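Subject: Structure for you to look through

Dear colleague,

I am handing over the structure below, and after it you will find my notes on what was found. Please read them with the model open beside you.

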Amino acid sequence: MKKIYTIFALSAAALAFAQIQKVEPAFWWKGMKNPELQILIYGKNIANNEIELSDGIKVKNIQKVENPNYVFLTVNTNEISVPKFKINIKNKNKTIDSYSYELKQRSANSANRKGFNSSDVIYLVVPDRFANGNPKNDSQPDVFEKANRNFDGGRHGGDLQGIIQNLDYLKELGATTFWSTPLTEDNEKTYSYHGYASSDLYKIDSRFGTNEDFYRLSDELHKRDMKLIMDFVPNHWGLHHWMIQDLPSKDWIHYWNDGEKGFKRSNYRQAAHFDTNASESDIEGCVNGWFDTTMPDMNDSNPLVVNYMVQNAIWWTESANLDGIRVDTYPYNNRKGVTEWTKRVMNEYPDFNIVGETLMHSPAHIAYWQKDSKVGVIEGFNSYLPSVMDFPLHDIMATAVNESKEEWDKGVVRIYDVLTNDFLYPDINNLLVLVGNHDVNRINDDFKGDVGKYKLVLSMIMTMRGIPQIYYGDEIGMQGSKTVGDGDIRRDFPGGWKDDKQNAFTENGRTAIQKDYFDFTKKLLNWRKNKTVIHTGKTKHYAPENNVYVYFRYNEKESVMVVVNNSDKEQTLSLKRFAESLSDSTKGKDVISGKEFSIQNSLTVPAKTSLIIELQK
C-alpha cells in the first residue's frame with residue numbers, strides 16, 4: 001500500500017469527466033422498518049458535482065467527507081414509489097453520469113425470519129479447506145494470491161460448489177445449521193484463504209465463487225431444512241480493501257500517528273472494557289489497536305462507518321436469506337459502535353440470532369456481552385447481542401477428560417464448576433457450546449486419536465444447555481495442533497479434492513476408526529434434532545464423585561439422565577443420591593447403545609463411558 005490516506009487534487013478537467021465507479025449498497029428493498037437508506041457513491045472528485053434523483057425523489061441529506069471521491073446520499077425509501085430511479089451526476093446542469101438504482105420487494109415475512117437456536121447443531125467449515133467443487137476458480141486474475149495446495153498457509157481451492165456438493169453429507173450427519181468462515185473477498189497477497197481481511201464487503205471472493213453461488217448455497221440449505229450463518233468482521237477490514245486504499249476520511253480507521261503507516265497492534269486486553277481499574281491507554285490499546293498488520297482497525301465511533309456496516313449486514317441477510325450472523329472479535333470493537341450495529345440489525349429482524357466471538361476465559365466476562373446481562377447492568381451496559389460463545393467451557397473440556405484419576409478439583413469437576421456459573425447468563429439456551437473451531441487446537445489432537453474420549457465430550461456438548469457447534473472433520477477424528485500453526489488445524493477434508501486418495505464423505509471411503517467417529521456423531525446428532533427436553537429443558541446436576549458426572553435435562557413431559565464416567569475404572573452408582581431427579585422412573589434406555597437399564601438401586605458404568613438414558617416410568 002503506497003498511501004493509506006489519499007485526497008485527489010481538484011481540477012477542472014476532472015470535474016468534467018467525473019464517473020461513478022462504485023455504488024454501495026448496489027440495490028435495496030422497500031418495506032424495511034428503518035426506511036432511511038444511505039447510498040455511498042464513489043468516483044474521482046464526485047463530490048465536486050451536483051447529485052439529482054429522477055422521478056422527483058427528494059434527497060434527505062448529502063454528506064461529503066474529506067475525500068472528494070465520496071458522497072453519502074440519504075433517501076427515505078417510504079417516499080419512493082417507483083421500483084427504479086436514476087442517480088444523476090450533474091455539472092453545470094449537464095448530466096455527466098448516472099446510475100439506475102433498484103428498490104426490490106422483500107420476500108414475504110422476511111422481517112420475521114427465525115434465527116438459529118438451541119434446537120440446532122452448527123457445523124463450521126473453513127471453505128478453502130473443505131471441498132473443491134470447481135477447480136477452474138482456484139486462481140483468479142482479479143486477486144493477488146493464486147492456488148498452492150502444497151503451502152499450508154496458501155489457497156487450496158475449496159469453494160462454494162464444493163460445499164453445495166456435500167450438503168447431503170452434512171444432512172446425513174445430523175447438522176442443522178451451516179457456518180463458514182468469511183466468504184467475502186480477501187485480496188491480501190498471502191494468507192488470504194481464511195477470509196478475515198476483507199477487501200470488498202459486498203462481494204464473494206472469486207476463488208470461492210460468486211454472489212449467486214452463495215445465494216444458491218442458501219437455497220440448497222433451506223431445501224434440506226437447514227440454516228445458514230454468515231461470518232461478519234466489523235472490527236477490521238483488509239489492508240487491500242478498496243476503501244482502505246482511498247480512505248473517505250482519516251478517521252475512517254484508527255490511525256496511530258506514532259505507529260508505522262498508522263499501524264499499532266492491539267494489546268488484546270478485552271477485559272479492559274469493564275475492568276473498573278483499567279487505564280484509558282489499555283482500553284484504547286484493545287479497542288483501537290489493529291488486530292494484525294494487514295487488518296486496519298475500523299473506527300466504529302464514526303457514524304458513517306457504523307451505518308455502512310449495518311446496511312451491509314442487512315443487505316446480505318435479505319439477499320442471501322440468512323438465518324443468523326456470527327461476529328468475529330466482538331469485544332475488540334468500540335462498545336457503543338458495535339452495540340448500535342447489533343441493535344439496529346436485531347431491530348430489523350426481532351427473531352433473528354447473532355452470536356459474538358467472545359474469546360475470553362471467565363464466565364463473568366462472557367456473560368457481560370450477552371443481551372440483558374446481569375453483569376453488564378452493574379455499569380448500565382446492554383450489548384443487545386443475543387448469543388455468546390462459551391469459551392470457559394471449551395477451555396477445560398479436553399483437560400478434564402484427559403484427567404482420569406479422582407482428584408478434588410480435576411477431571412469432570414472442572415466441567416461441573418463451569419456450569420455452576422450459569423446463573424450469570426440471562427439466556428443459557430443461547431450460549432454457543434464448542435469444543436473446537438478454526439482458532440484452537442483440534443479436540444481429537446488433544447485426545448491423540450482416542451475415540452472414547454471424543455465420545456465423552458460429544459455426549460456432553462450435545463446434551464448440555466445451549467447451541468452445540470462442531471468443527472469440520474471432528475466427526476471423522478481429524479487432528480491438528482495449534483502449536484504447529486493455523487494450517488495444521490485447518491487441514492483439507494479428505495475427499496474434498498478429485499485427486500485425494502481417500503474420500504471420507506462416503507461410507508465406503510472411511511477407515512474403520514473414521515467410521516466409529518462418524519457413526520457415533522451421526523446417531524447422537526440425529527437423536528438430538530427432535531428432543532425438546534434437550535433444546536429448552538432445565539438442568540439439574542450433581543457434584544461429581546469418583547470422576548463421574550451426572551446431570552439431568554428435564555421438562556414437564558420427559559427427563560434424560562446423562563452419566564459421564566471419566567474414570568479409568570468401572571463405577572457403580574447408588575441411585576438413591578439422584579432420587580429427586582429420578583422421581584418415579586423405574587427404567588431407562590441408553591440413546592447410543594439401545595440398552596435398557598433398571599433405574600432402581602444402582603447403575604454400573606464402564607470406564608471412560610457415557611450413558612444418555614431416556615427415563616421411563
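Arg-224 and Asp-168 form a salt bridge in which the closest N and O atoms are 2.7 Å apart, a salt bridge being a side-chain nitrogen of Lys or Arg within 4 Å of a carboxyl oxygen of Asp or Glu. The pair links distant parts of the chain, 56 residues apart, since Arg-224 sits in the loop between helix 4 (211-223) and strand 13 (227-232), while Asp-168 belongs to helix 3 (residues 167-173); helices (H or I, at least four residues) and strands (E, at least two) are DSSP runs, numbered from the N terminus.

Please bear in mind that this is a predicted model, in which local features need pLDDT of at least 70 and side-chain atom pairs count only at pLDDT 80 or more, whereas totals for chains, interfaces and linings use all residues. Residues are numbered from 1 along each chain as its sequence is written, and side-chain values use heavy atoms, with hydrogens and water left out.

Arg-224 is buried, with a relative accessible area of 17%, where buried means under 20%, exposed over 50% and partly exposed in between (1.4 Å probe, protein chains only). The side chain of Arg-224 also meets that of Glu-220 in a salt bridge (2.9 Å, N to O), and Glu-220 is buried as well.

Glu-220 is one of the buried residues of helix 4, which also include Phe-214, Tyr-215 and Leu-217. Among the elements that cover these buried residues are helix 2 (160-165), helix 3 and helix 7 (303-320), with contact meaning heavy atoms within 4.5 Å. After helix 4 comes Asp-225, whose phi is positive, near 60°.

In all, the structure holds 45 salt bridges. One of them joins Asp-258 to Lys-264, with the closest N and O atoms 2.9 Å apart; here Asp-258 is exposed, at 58% relative accessible area, and Lys-264 is partly exposed, at 28%. Elsewhere, Arg-149, Asp-492, Asp-499 and Asp-500 are linked in a network of salt bridges.
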